[in-house]
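I opened the model and kept notes as I went.

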Amino acid sequence: MLGTELLETLLASYAECYDIQRDYPIQDAVYPAYAKFNVTSAKYVLMKKAELWRVNCFEHAFFSVVSSLQTEDLQKLRRQITEYMEPQLVRSGAKYPPPNHMYTFLTAIFISEGRVSPEVKKEAQRFRYFKNYLASIRGYSEAVTPTVVFATGISKMLGSIPGLAGTENVAYTLLVLTVSVFCLTSLDTATRLARYMFQEFWLEPGQTYKDAVGYKKVLTNPLVATLITVVLGITLGLTGYANIWPLFGASNQLLAALGLLAVATWLGKAGKNNKMFYIPMIFMLVVTLTSLVFTLQSNILAIAAGGAGLAWCYVRVILAALLIILAIILAVDSIRTMAKQKKLA
C-alpha cells in the first residue's frame, strides 16, 4: 500500500470523530492533512447554572507522508511544536490556555514509504514534549496520546459488535470522558490517602490530629497536611515522575506481597489454614526484593561512574533501600508471628 493510500485509510477512520482539514501549512511545511478533536466535561448540581467544574480537552493530529523518516524530520517537528503548534493551537497566542483547559495532545503521524533506520526509530521513541501551565492549574500540553489510542481502539471494537455499528463516535467521546474523569477522581483519592498516611505518620495508635501537641499538631492539621502532600505531588510532577518510575513496578508488586503476608498472618491468628498463601507470598517477596536490589545496584554504579542526573540516582538509592528495609522488617515480624501461632496450636 502506498503512503497516500494509507493516509486516506487513516483519515477515513479519523473522520468519524475528528474535523479534517487538507493541506495545512505550518511555517515552511505543508501537512497533507490536519485533524482536530475536542471534548468538554462538566458537572453541575440540579441545574446547569450551578456548575461545579468544567474541563476542555483537545487533540491536534498532523499527518505527513515521507519517503523515509529522518532525524531532520523529528527536529523540524520539535521546532514546529515549540514555535507554532503549542503557542497558537494550545494558547492561541496568549500567555496561558483558557481557564477550563485540561490538556492538549499534539500528535504527528509520519507515514514512511521507505525503511526507517534503527537509530531514527529509537529517536522517534524517545521523542517527548511536555509543558504545563501555572503548575497545571491551566492544564498541560503533551506530544503523546495514550488516551486517544485507548479511546480509538475500544470504540472501533465496540463498532464491530453486531447491532452497535455506527456508534464509534459516541463511544469515542464517552471513553475519552471516562479516562478524564478517572484521572480526576484517582487524583482526588490519591491526595486524600496521602494526607491520611502523612497524618498517621506523626500520630500514636488510637490518636487523632485533635490529640496531637506541639509541632505534630501543626503537621497533622488537615489543611497543612493536605497542602504538604499536594505540594510534594506537584513538585514530583514538575520535576519528572519518570525519574522514580523504575521503582513503581517493584513497589507495586511488593504491596501485593505484603498483602498476602498480612492475610496469611491474620488467618493464622484466627486459627484457620493459611498454607495456600505461602508459595505466592514467598515468590512475590523474592522477585520484588531482587528487582529492588538490582535497581539499587545499578544506581550505585551510576553514582560511582559520575555524570549528569546524579541527584535522581541518590533519590532512587534512598527509596529503594527504604523499601527493602521496610519489607524485610515486615516479613520478619510476620514470620515470627506465624511461628508463635504454630507453637500455640
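Is Cys313 buried or exposed? I find Cys313 buried, at 7% relative accessibility. My cut-offs are under 20% relative accessible area for buried, over 50% for exposed, and partly exposed in between, with a 1.4 Å probe and protein chains only.

Ground rules next. This is a predicted model, where local features need pLDDT of at least 70, side-chain atom pairs count only at pLDDT 80 or more, and totals for chains, interfaces and linings use all residues. Residues are numbered from 1 along each chain as its sequence is written, and side-chain values use heavy atoms, with hydrogens and water left out.

Confidence: pLDDT is the predictor's confidence in each residue, from 0 to 100. I read a protein average of 81, with 88% of the residues at 70 or above. Elements are DSSP runs numbered from the N terminus: helices are H or I, at least four residues, and strands E, at least two.

Cysteines: Cys57 is also buried, at 1%. I looked for sulfur pairs within 2.5 Å, the disulfide rule. The count is 0.

Helix H9 (residues 278-305): I checked its length. The expected span is 1.5 Å times one less than the number of residues. For 28 residues that gives 40 Å, and the end C-alpha atoms are 40 Å apart, so the two agree. Buried residues in H9 include Met281, Leu285, Leu292 and Ile303. Just after H9, Gly306 has a positive phi of about 80°.

Last, Phe201 sits in helix H5 (residues 168-202). Phe201 is exposed at 64%. Its C-alpha is 10.0 Å from that of Leu219, 18 residues away in sequence.
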